[in-house]
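Here are a few friendly notes to read beside the model. Take them in order, with the viewer open.

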Amino acid sequence: MANREDIALMGHLMRRAGFGASHDELNDRISRGYEATVEDLLNPERFEPVDDDILYRYMPGYEGALGPPLNQAEWVYRMINTERPLEEKMALFWHQLFATGNSKVDNPPELTQQIAMFRRAGLGNFREILVELAQNPAMIFWLDNNGNHMGAINENWGRELLELFSMGVGNYSEDDIKEASRAFTGWTIGPKIPRNPLGRFYWSFEYRPEDHDDGEKTFLGHTGNFDGQDIIDIVVNQPATARFLARHMYNFFVADEPQVPSWNITPPNDPDAIDQLVAAYDESDGNITAMLRVLFNSDFFKEAQFSRVKSPAELVVSTAKLAGNFNGPRPGFNSLAFECAYQGQELLNPPSVESWHTGGEWIDGGALVRRVNFAAGLLGDVSLPGVKSIVANLRSQGSLSPDDMVDACLEMVGPLEVGDITRAELLDEARDGGELRWDTEADAAESEKRVGVMLALIAASRDFQFA
Amino acid sequence: MLTTVAAGRVFDYNYCIGMYGMSGQGFWSPQDFALADNNMVYVISRGAEELGQRISRVTLDHQFLGQFGAFGRGDGQFIWPRAITLDDEGNVYASDDFLNRVSAFDPEGTFIRSWGDAGDGKGELNGPCGIAFDAEGNMLVVDSQNHRVQRFTHKGKHLSSFGKHGDGDGEFNLPWGLCLDDAGNVYVADWKNNRVQKFDSDGNFLLKFEAAPRSGVGDLHGPTGVAVDSEGDVYVTDWGNHRLQVYAPDGRFITSLVGDAQQPSPWTQTYIDANPDIVKARRRVDLEPEWRFRRPVSVRVDAHDRIFVLEANRHRIQVYDKVKDYEEHPLNL
């Protein structure tokens with residue numbers, strides 16, 4: 001039997017490297033060990049991918065989605081049903097870093113293709129990821145590189161590559177932006193068959209040598225006849241790039257940092273942790289898996305439990321996973337996609353290329369009400385399979401005192417650590433009903449109802465908002 | 001190519017019907033269709049989530065006559081509409097693989113009844129897909145997630161069943177569509193086993209249609225629909241490979257058709273003509289991807305051996321003629 005610290009640590013790992021796990025899954029993983037589980041997460045090819053045939057057989061509208069939220073719903077389906085949780089979590093990481101939105105692209109299948117690229121390449125080498133990103137049709141359209149021509153540059157992609165995707169403000173000049181933009185001229189998308197009335201067709205990356213500025217450029221102190229790949233080669237070797245990426249990883253996987261636009265004037269909360277991640281980047285030539293291996297096995301990660309506010313996607317997906325009613329194809333994934341949006345994170349449609357602000361900024365009055373109602377509504381529903389499983393677990397423990405009932409419920413949903421005020425409120429509720437008993441059918445029915453109420457209260461707590 | 005000649009058969013592309021439409025004229029992720037008298041076709045659309053579920057009544061010459069059914073659990077409504085067939089009187093039957101029931105309508109679309117209980121016991125359903133009537137007027141239902149075929153009266157009284165989960169002869173893995181030939185033999189698209197199996201009318205295994213040994217040309221990836229023509233040739237919608245596979249009666253692979261809709265349907269052409277930007281955009285691209293099948297999901301053959309192929313992701317039906325009196329042109333032209 002795993003001890004409480006082991007379960008807490010494994011729960012922490014699965015919340016951060018995935019979208020949470022049930023109590024049974026945590027115990028299974030503990031039997032393999034923490035380091036072995038980290039390796040399982042870092043090597044998703046050990047597990048079967050989501051079965052696309054099954055998905056598109058039962059939900060054919062997802063394939064080449066004609067409009068949102070179908071593409072968002074498909075991604076939520078994958079987040080819940082994947083056996084490769086880190087692969088999907090990294091897709092979300094890259095989506096939040098390389099924010100690309102349907103508000104402009106207006107082409108849901110292309111955004112889905114971009115996420116598929118993150119899924120495929122997201123644990124690899126940062127240079128390769130940036131090259132794929134620069135050639136990704138949705139990104140090209142999003143940042144206007146199809147309008148970036150020899151002799152008439154459009155700086156949008158070149159600027160965001162440096163400012164938001166790799167180095168951060170303060171590490172390059174306006175001239176560097178112009179020179180980088182020249183290097184990416186001719187990187188564009190080919191025309192495609194227009195949408196409707198026969199469904200969607202896909203863009204493809206197109207390199208047009210006649211539109212590429214092959215002249216000499218000076219970029220970050222280097223001079224040559226650079227093209228886009230040369231620019232990326234220089235970018236990924238900048239110390240600022242390693243630090244910028246490390247800080248994003250820390251913010252996403254470890255603990256909330258200040259908002260990105262302030263990073264050039266606000267130091268990291270844990271400079272030593274950033275140094276460790278930078279060292280991993282340097283030693284591995286920018287390998288993402290190597291950086292994450294250091295991160296997940298570090299003390300700074302293990303000691304950072306409940307120090308991040310769950311993003312809406314994390315809250316919605318992890319709660320739906322726990323409730324167990326969205327396993328496999330079924331109607332209703334649209335509602336989960338809408339829920340993410342109502343809580344402030346419309347997947348595949350970030351507010352701007354700067355992406356969403358994170359941490360405490362996920363929470364405002366309206367968003368908090370949505371978060372609480374959603375989570376309490378699911379976890380308080382004792383008809384759902386995941387909740388039934390929690391009730392069955394408590395029942396297997398026999399009669400429980402009110403204190404033990406609170407502890408057992410907290411154990412089942414995380415395990416979740418709560419503050420004194422929350423615990424006192426939960427104990428008040430538990431003590432009102434007295435001992436949890438299962439001796440008779442009437443006792444069992446009443447106890448089941450009380451567990452549902454307790455789980456709903458936990459889901460409504462301040463503490464539940466943290467990952 | 002518009003004309004395919006193979007093993008003494010000639011398949012000649014004729015025309016296509018349909019386009020995407022969230023409602024009204026058009027289809028949305030259509031899953032199946034049924035050919036009726038008087039040139040009429042019933043097409044069942046799955047839509048997506050809570051939109052688009054319906055049965056459309058159209059004609060083979062592109063008239064949209066109306067639609068019935070909508071999203072919901074009530075009488076005459078659907079959550080996951082899947083397959084459709086007609087009885088001898090022209091009444092319409094449709095399966096729903098989420099609600100685990102079959103609904104019946106009169107030819108105009110007025111709801112008559114529904115039947116089906118969820119479960120895995122005798123006569124219970126889990127994910128009903130393909131449906132077809134036998135010569136006695138009883139209905140065969142592909143009970144997909146129970147990996148079997150069940151036979152019911154048209155009012156839903158259970159009569160018999162065959163098949164179980166597995167990959168041996170007579171076993172199934174998530175079967176999808178089915179059809180009967182004139183002799184009452186039953187052909188089942190054994191979706192996850194990537195083959196079609198043929199049974200006699202009592203459910204005894206006879207033959208299977210799958211990849212030709214070592215050739216790969218007859219490979220199936222998730223077959224969905226199956227039909228048999230008057231000469232016994234078997235047509236299979238090869239959903240995962242986006243093509244129609246044609247087999248001889250003995251299971252020998254004949255050829256593949258990949259879709260040839262070079263001329264848009266009248267509905268599609270009207271939509272294009274009404275949008276100058278679309279006209280302009282189409283002049284700059286290779287349109288071939290548009291001609292080809294995308295998720296062919298159901299195939300039917302009529303009394304004249306015309307072959308109708310429904311595409312879920314192009315929301316249309318492509319029609320081929322099996323030409324019996326074809327004369328080869330001079331090859332030295």
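1. Two residues are in contact if their C-beta atoms, placed from the backbone, lie within 7 Å. Among contacts in chain B between residues at least 6 apart in sequence, 45% join residues at least 24 apart.

2. A word on reading the model: it is predicted, with local features needing pLDDT of at least 70, side-chain atom pairs counting only at pLDDT 80 or more, and totals for chains, interfaces and linings using all residues. Residues are numbered from 1 along each chain as its sequence is written, while chains are lettered from A and ligands numbered from 1 in the order in which they are written.

3. Chain B has three helices and 27 strands (DSSP runs numbered from the N terminus: helices are H or I of at least four residues, strands E of at least two). Its radius of gyration, taken over C-alpha atoms, is 19 Å, close to the 20 Å from the globule rule for 333 residues, so chain B is as compact as a globular protein of that length. That rule is 2.2 Å times the number of residues to the power 0.38.

4. Now look at two prolines in chain A. The peptide bond from N196(A) to P197(A) is cis, and P197(A) sits in the loop between strand 1 (187-189) and strand 2 (205-207). Another cis bond joins G414(A) and P415(A), with P415(A) in the loop between helix 22 (402-412) and helix 23 (420-433).

5. Finally, L348(A) is not a glycine, yet its phi is positive, about 65°. L348(A) belongs to the loop between helix 19 (333-342) and helix 20 (365-379) of chain A.
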